[in-house]
Amino acid sequence: MKGPPLPPPRHRTVNEALAAAAATRSGITFVDLHERETFVPFREIHARARRTAAALRQAGVSAGDRVALVFPTSPAFLDGYFGTLLAGAVPVPLYPPFRLGRLPEYHAATARMIDAAGASLVLADARTRKLLGQAIERSRPRLGCRSLEDLSVEADGELHAAVDPEALGLIQFSSGSTTDPKPVALSHAALMAQLSALKALLPPEDRFPQRGVSWLPLYHDMGLIGCLLLAVYYPGPLVLIPPEHFLARPALWLRAIARHRATLSVSPTFGYAICSKRARDEDLEGLDLSSWSLAVCGAEPISIATLRGFAQRFGRFGFDASALRPVYGLAEASLAVTFAPPGQPRAIGVDPARLAATGEVVEGARAIVSVGTPVAGSELEVRGTNGENVPERTVGRIFTRGPSVMVGYFGRPEATADTIADGWLDTGDLGFVADGELYVCGREKDLVIIRGANHVAHEFEECLDGVEGVRAACSVALGFVPDGEDGEELLVLAERARDANRSDGDAGTAELIRQAILEHTGIRPHTVVMLEPGTLPRTSSGKLRRSEALRLFLAGQLTPPRSAGPARLSVELARSALAFAKVKLGRGR
Amino acid sequence: MPDLRAEILGEIRRVLSAELEVTEPVELHHELARDLRVDSMGAIVLAVALEDRFLVKLSDEDATGVVSVGDLVDLVERRSREARVEGAPESAHGRGAQ
């Protein structure tokens with residue numbers, strides 16, 4: 001499948017796009033928990049970034065250097081992010097520590113990301129900087145860790161470096177906290193191609209000027225590229241809500257959309273689910289959502305029930321169900337790969353057992369949502385195990401090619417070569433095409449996506465080291481969408497230790513597993529299944545095969561290996577004796 | 001100031017039941033993760049609500065020592081007293097800004 005031709009991007013680099021936006025009166029509005037607003041015009045964002053860039057250069061940051069950024073959603077993020085770009089350097093946004101978070105895990109993950117991106121400087125807001133000590137100590141960036149206040153930002157020092165479109169414009173991490181983070185390196189040209197493709201999906205700007213609202217984190221592709229950079233590129237107004245404030249008070253999002261007569265807002269499924277569940281009626285009184293014409297939904301498996309539930313609850317506030325637009329994408333392709341066509345989201349019902357067992361799409365009870373067709377400039381193929389293109393309604397691996405695909409994983413040529421061949425990016429996701437539209441139904445890469453955040457399976461599995469009753473290194477963590485749930489949940493398939501005491505069944509061990517994972521990762525497993533030793537499928541070299549385990553689980557075929565106990569042995573012996581006898585008889589005939 | 005502790009516990013109970021679907025009674029000795037099944041999102045919701053209500057900042061290093069409801073009450077109480085001593089309680093909307 002091929003998207004329409006890509007309209008030539010209107011700018012060559014993010015730096016040029018920001019300079020053009022600065023000539024308009026538009027800008028970014030920050031909303032706090034009490035709906036107090038701070039408006040920062042693009043003109044001011046540009047001016048502040050020029051001063052920050054000069055200060056960064058003075059602090060020793062050279063063109064091409066990576067600068068890690070650890071900021072909450074705030075004007076300071078814009079200073080650091082655009083300041084880095086205008087210094088000709090490459091921003092690497094990282095997530096800030098969560099409140100009441102697990103700092104040891106946070107330090108370890110942050111240090112690994114700083115290392116992986118080869119950042120020469122970490123820029124953080126003053127509060128966060130105090131907490132970063134350990135991460136900095138471990139990763140030792142050349143220029144250390146500074147806050148904006150530490151930089152000698154001066155009124156007369158300004159810098160707006162011209163950068164090459166092929167130079168890196170962003171390094172983003174595709175997975176949240178992982179033991180092996182992969183830095184996705186994107187060029188300015190790739191970012192501009194992505195923004196041009198996104199803009200082509202919006203209604204004509206002269207007749208329908210767009211206004212955006214977002215609560216998505218700015219260290220994540222959907223919030224950074226899909227919201228902030230799109231607003232700069234378009235250019236048009238954007239309202240930003242810190243994600244933690246959205247979680248605490250989901251109605252903030254909808255109220256901001258109504259107040260600003262916003263036309264465009266994006267969220268993973270769970271954002272829509274949280275509003276249906278937790279937005280309080282008294283917070284919604286008099287709300288008018290009729291301006292919201294593009295309610296984009298992506299970043300995790302999409303639940304049609306959640307989207308329909310949202311449309312139903314907020315229909316009386318003027319929300320139009322046909323505004324909902326499911327999308328599919330991944331950090332390695334900048335952001336979006338496909339986009340659903342206008343109209344109400346479409347879903348088809350498939351038989352989950354047949355889908356898992358044979359890869360055939362036949363009618364059944366599991367609803368899978370169409371994520372539409374490739375965005376401008378993108379191509380897509382669904383391939384079988386031998387690399388051949390599979391016919392419609394057959395599950396295969398999704399590959400994409402186009403101008404917004406990453407340069408590669410930064411500093412990781414082998415990992416890059418495993419992922420991109422002849423320009424085609426292996427998404428690691430599984431899907432099928434039906435009536436010319438893509439349906440994503442699973443994945444072969446070892447990722448679990450919870451509430452829009454990617455987690456490497458290993459992150460969960462390593463929590464089980466030393467849990468009593470669990471066979472060492474014989475567990476897999478998987479993402480699956482349970483019946484009746486809003487999104488993907490965590491499934492743990494664990495083999496019992498051979499000497500496990502089973503007098504009280506598996507409930508005790510399963511509970512220990514739940515606790516261990518919740519304590520280390522903050523994620524609560526949805527389902528824990530205890531298995532006989534040897535049940536999980538393995539490769540010939542003994543490695544666990546996660547996606548095969550999930551396939552067997554969904555198909556109801558996860559069964560223990562044939563027991564080699566005395567009874568079984570005698571049956572086998574009898575069989576082979578019989579076979580032997582038959583052969584002899586045959587020969588003797 | 002025992003009233004402050006009671007108030008903090010009351011707010012924790014309110015958030016747990018109203019926002020996080022915790023239906024069982026909440027006592028000081030309950031562990032947030034183990035007994036009340038508060039996950040990372042729940043912790044953020046709880047922290048933001050407490051910061052807002054008691055005008056404190058909780059993204060501090062000592063938050064790692066918070067295991068039980070009692071620990072959280074202690075932490076909020078300590079932060080709240082510090083803010084009073086400094087005489088300039090931080091405004092709730094200062095969060096996120098530089």
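In chain A, strand E7 and strand E8 (residues 183-187) run antiparallel and are joined by 5 bridges. Helices (H or I, at least four residues) and strands (E, at least two) are DSSP runs, numbered from the N terminus, and two strands pair if DSSP finds at least two bridges between them. The model is predicted: local features need pLDDT of at least 70, side-chain atom pairs count only at pLDDT 80 or more, and totals for chains, interfaces and linings use all residues. Residues are numbered from 1 along each chain as its sequence is written, while chains are lettered from A and ligands numbered from 1 in the order in which they are written.

Another part of chain A is built around strand E3 (residues 66-70). A residue is buried if 20 or more other C-beta atoms lie within 10 Å of its own, exposed if 12 or fewer, and partly exposed in between, with C-beta atoms placed from the backbone. By this count 5 of the 5 residues of E3(A) are buried, so the strand is largely enclosed by the rest of the structure. A:Arg66, A:Ala68 and A:Val70 point one way from E3(A), A:Val67 and A:Leu69 point the other way, and all are buried.

E3(A) is joined by 4 bridges to strand E4 (residues 90-93) of chain A, and the two run parallel. A:Val90 in E4(A) is the bridge partner of A:Arg66. Between E3(A) and E4(A) the chain passes through helix H3 (residues 75-86) of chain A, in a right-handed β-α-β crossover. Right-handed here means that, with the strands pointing away from the viewer, the path from the first strand over the helix to the second runs clockwise. E3(A) also pairs in the parallel sense with strand E5 (residues 119-124) of chain A, over 5 bridges. There, A:Val70 has A:Ala124 of E5(A) as its bridge partner.

Helix H8 (residues 221-233) of chain A spans only 15 Å between its end C-alpha atoms, whereas a straight helix of 13 residues would span 18 Å at 1.5 Å a residue. The expected span is 1.5 Å times one less than the number of residues. H8(A) is mostly covered, with 13 of its 13 residues buried. In the loop between H8 and strand E10 (238-240) of chain A is A:Pro235, which is joined to A:Tyr234 by a cis peptide bond with omega about -25°.

Most residues other than glycine have a negative phi, and most peptide bonds are trans. A:Arg393, a residue other than glycine, has a positive phi near 60°. The loop that holds A:Arg393 is between strand E17 (379-383) and strand E18 (396-401) of chain A.

Chain B has 3 helices and 0 strands. Of its 98 residues, 35% count as buried. In chain B, 26 residues are in contact with 33 residues of chain A, contact meaning that the C-beta atoms, placed from the backbone, lie within 7 Å.

Conventions:
Two residues are in contact if their C-beta atoms, placed from the backbone, lie within 7 Å.
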